Amino acid sequence: MAIFDHYRTLNVSPTATQEEIKRAYRRLAKQFHPDSNCETASHDSIAKVNAAYEVLGDPESRRSYDQQQQYYSQLEATGFGVDRTTREQRTAAAQAHYRNQRTSQQADEQLHLWLSQIYTPVSRVIQQILKPLQEQIDDLSADPFDDELMEDFQLYLEDCRELLSRAEAIFHSLPNPPNVAGVAASLYYCLNQVADGIEQLEFYTLNYDDHYLHMGQELFRIAAGLRREAQVGVKEVA
């Protein structure tokens with residue numbers, strides 16, 4: 001799965017200062033904005049630049065992004081990183097890497113513990129976030145500018161934030177056994193897609209721009225696919 005490189009989008013180094021990031025954003029925003037330069041105007045480019053600055057322009061968000069990128073690099077080093085395209089490849093690489101490091105009995109115990117305390121509750125919470133989205137959007141579509149309907153949608157997003165925090169805390173509370181490394185990676189990516197999707201939907205509530213609504217829906221769709229991928233992976237190792 002492709003991971004956006006926000007530093008490359010803004011054409012800055014990962015060690016750039018916040019001021020350097022701000023200057024790069026302003027330059028690119030001016031370059032691609034349709035009102036400032038018709039020859040270089042690009043809706044897709046300005047959208048990518050805005051998305052990159054939303055992450056890197058805030059120090060706390062940037063730290064989280066850097067940690068996430070470091071995690072991806074570690075995954076690549078173990079043989080099931082973000083450049084792998086199939087669940088089978090990630091799982092096979094993880095199993096090969098750790099096959100001789102645990103006894104069969106220890107592996108079975110770890111697997112049972114991780115599935116019951118991590119995978120099952122995290123998967124359940126993710127579904128609680130994803131499942132109501134379409135119904136919430138259908139309700140809001142009756143009149144997006146109705147204050148009560150928008151407030152209901154915002155309350156749903158607040159619930160999503162709380163559920164996501166709970167799922168992330170559970171996920172990080174116990175290391176995954178080696179033979180479910182692929183499943184754990186799918187869950188990790190899923191949680192990140194959910195977080196990005198919630199953020200896009202929250203942007204929509206601020207400016208009513210359908211672009212953010214559609215982006216949020218698409219990110220939730222990807223998250224649902226990753227959750228299904230994890231389910232298939234569990235069946236293969238259980």
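Q: Where is Q200 found?

A: In this predicted model, Q200 is found in helix 9.

Q: And is Q200 buried or exposed?

A: Q200 has a relative accessible area of 9%, and because the cut-off for a buried residue is under 20%, Q200 counts as buried.

Q: What is Q200 in contact with, leaving aside its neighbours within four places in sequence?

A: With those neighbours left out, the residues in contact with Q200 are E54, Y212, M215, G216 and L219.

Q: Stepping back a bit, how many helices and strands are there in the protein chain?

A: The protein chain has ten helices and zero strands, and its pattern, read along the sequence, is α-α-α-α-α-α-α-α-α-α.

Q: What percentage of the residues of the chain count as buried?

A: The protein chain has 238 residues, of which 38% count as buried.

Q: And what share of the contacts with a separation of 6 or more comes from residues 24 or more positions apart?

A: Within that set of contacts in the protein chain, residues 24 or more positions apart account for 68%.

Q: Okay, pockets now: what volume does the largest pocket have?

A: The largest pocket has a volume of about 1,500 Å³, and among the 45 residues that line it, those closest to its centre are H6, V55, N192, D196 and E199.

Q: Which elements give two or more residues to the lining of that pocket?

A: Those elements are helix 1 (6-10), helix 3 (43-56), helix 4 (59-78), helix 8, helix 9 (181-207) and helix 10 (210-237), with the largest share, nine residues, coming from helix 3.

Q: How do the residues of the lining divide into nonpolar, polar and charged?

A: The lining of the largest pocket divides into 19 nonpolar, 14 polar and twelve charged residues.

Q: Which residues is H6 in contact with, beyond its neighbours within four places in sequence?

A: H6 is in contact with A51, A52, V55, L56 and Y65, and of these, A52, V55 and L56 are also among the buried residues of helix 3.

Q: What are the others on the buried list for helix 3?

A: I46 and V49 are also buried in helix 3.

Q: How far does helix 3 reach from its first C-alpha to its last?

A: Helix 3, with 14 residues, reaches 20 Å between those two atoms, close to the 20 Å expected at 1.5 Å a residue.

Q: What about helix 8, how far does that one reach?

A: Helix 8 (residues 147-171) has 25 residues and reaches 36 Å from its first C-alpha to its last, close to the 36 Å expected at 1.5 Å a residue.

Q: Which residue caps the N-terminal end of helix 8?

A: The cap is D146, which has a side-chain oxygen 3.0 Å from the backbone nitrogen of E148.

Q: And which residues are buried in helix 8?

A: The buried residues of helix 8 are M150, F153, Y156, L157, C160, L163, L164, A167 and F171. An α-helix has 3.6 residues a turn, so residues three or four places apart point the same way.

Q: Back to helix 9, then: is S186 buried or exposed?

A: S186, which is found in helix 9, counts as buried because its relative accessibility is 1%.

Q: What does the side chain of S186 make a polar contact with?

A: The side chain of S186 makes a polar contact, at 2.9 Å, with the side chain of E229. S186 is also 9.5 Å from Q231, C-alpha to C-alpha, although the two are 45 residues apart in sequence.

Q: Where is L226, and how is it placed relative to V183?

A: L226 is in helix 10 and counts as buried at 7% relative accessibility.

Q: Last topic, backbone: what is the phi of N11?

A: N11 has a positive phi of about 60 degrees although it is not a glycine. N11 lies in the loop between helix 1 and helix 2 (18-32), and is exposed, with a relative accessible area of 60%. Most residues other than glycine have a negative phi.

Q: What about phi of Y208, and where is that residue?

A: Phi of Y208 is near 60 degrees, again a positive value in a residue other than glycine. Y208 sits in the loop between helix 9 and helix 10, and counts as partly exposed because its relative accessibility is 29%.

Terms used: Residues are numbered from 1 along each chain as its sequence is written. This is a predicted model: local features need pLDDT of at least 70, side-chain atom pairs count only at pLDDT 80 or more; totals for chains, interfaces and linings use all residues. Side-chain values use heavy atoms; hydrogens and water are left out. Helices (H or I, at least four residues) and strands (E, at least two) are DSSP runs, numbered from the N terminus. The expected span of a helix is 1.5 Å times one less than its number of residues. Buried means under 20% relative accessible area, exposed over 50%, partly exposed in between (1.4 Å probe, protein chains only). A polar contact is a pair of N or O atoms within 3.5 Å; within protein, one must be able to donate a hydrogen and the other to accept it, and residues adjacent in sequence count only if both atoms are side-chain atoms. On a 1 Å grid over the protein atoms alone, a cavity is a set of points where a 1.4 Å probe fits but cannot get out, and a pocket is an open set with protein on both sides within 12 Å along at least five of seven lines; lining residues have an atom within 4 Å of a point. Grid points are joined across faces, edges and corners, and a volume is the space filled by probe spheres set on the points. Ala, Val, Leu, Ile, Met, Phe, Trp, Tyr, Cys and Pro count as nonpolar, Asp, Glu, Lys and Arg as charged, and the others, Gly among them, as polar. Contact means heavy atoms within 4.5 Å.
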